[in-house]
Amino acid sequence: MYKREADSPLTNSYKWTWKGCGYKKHVKHNRHGHAPRHLILHYLLKKTMQILITGKNSYIGNAVEARMLQESIKVDKISLRDETWKAESWSAYNSIIHVAGIAHVDTSHATKELQELYYHVNRDLTKQVAKKAKEDGVNQFIYISSVIVY
């Protein structure tokens, strides 16, 4: 699936080509002549990776998005504040990073209404999102939460 082409006999470097995707990477050839498969696969994963982040305006979601964009990974963000997310298809995504939630609530000292809202968003909504991700065929579900939930 890959082939090695001599790039320059003076620099002892080679051009590795993965057929079909146009990937070319200059690397030093090792003494065994092995292909740098990890670089090729890393490139292909970044090229095809699509991630959906829940919690469109969250601090953690924004930080994760910034890091993914540095790696040239395609990222979309979605708000779960209304019910419109349930009608959307997530089948195009490889991973869902679920960061939507209510933070900084001490449930032992919170009012009954705040406790109910807290558990509805941080527990029940998470279950709904995970179930939808599974139904839509998403391969990976990553849940990021605060320690206080436990």
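Trp 85 is buried, at a relative accessible area of 1%. Here buried means under 20% relative accessible area, exposed means over 50%, and partly exposed lies in between (1.4 Å probe, protein chains only). The model is predicted: local features need pLDDT of at least 70, side-chain atom pairs count only at pLDDT 80 or more, and totals for chains, interfaces and linings use all residues. Residues are numbered from 1 along each chain as its sequence is written, and side-chain values use heavy atoms, with hydrogens and water left out.

The whole structure holds 2 aromatic pairs. Rings of Phe, Tyr and Trp (its six-membered ring) pair if their centres lie within 6.5 Å; planes under 30 degrees apart are stacked, over 60 edge-to-face, and the rest tilted. Trp 85 and Trp 90 are stacked, at 5.8 Å centre to centre and 25° between the planes. Trp 90 is buried too, with a relative accessible area of 1%. In the pair of Tyr 118 and Tyr 119, the ring centres are 5.4 Å apart and the planes stand at 80°, so this pair is edge-to-face. Tyr 118 is buried, at 1% relative accessible area. Tyr 119 is partly exposed, at 31%.

Trp 90 also has a charge over its ring. Lys 132 lies over the face of Trp 90, 5.1 Å from the ring centre. The criterion is NZ of Lys or CZ of Arg within 6 Å of the ring centre and within 35 degrees of the ring normal.

Thr 126 belongs to helix 3. Helices (H or I, at least four residues) and strands (E, at least two) are DSSP runs, numbered from the N terminus. Thr 126 is buried, with a relative accessible area of 9%. Its side chain makes a polar contact of 3.0 Å with the side chain of His 98. The side chain of Thr 126 also reaches the backbone oxygen of Asn 122 at 2.9 Å. A polar contact is a pair of N or O atoms within 3.5 Å; within protein, one must be able to donate a hydrogen and the other to accept it, and residues adjacent in sequence count only if both atoms are side-chain atoms.

The largest pocket has a volume of about 510 Å³. A pocket is an open set of points on a 1 Å grid over the protein atoms alone, where a 1.4 Å probe fits, with protein on both sides within 12 Å along at least five of seven lines; lining residues have an atom within 4 Å of a point. Volume is the space filled by probe spheres set on the points, which are joined across faces, edges and corners. Of its 23 lining residues, Ser 58, Val 99, Ala 100, Gly 101 and Ile 102 are the closest to the centre. Helix 3 gives the largest share of the lining, 3 residues.
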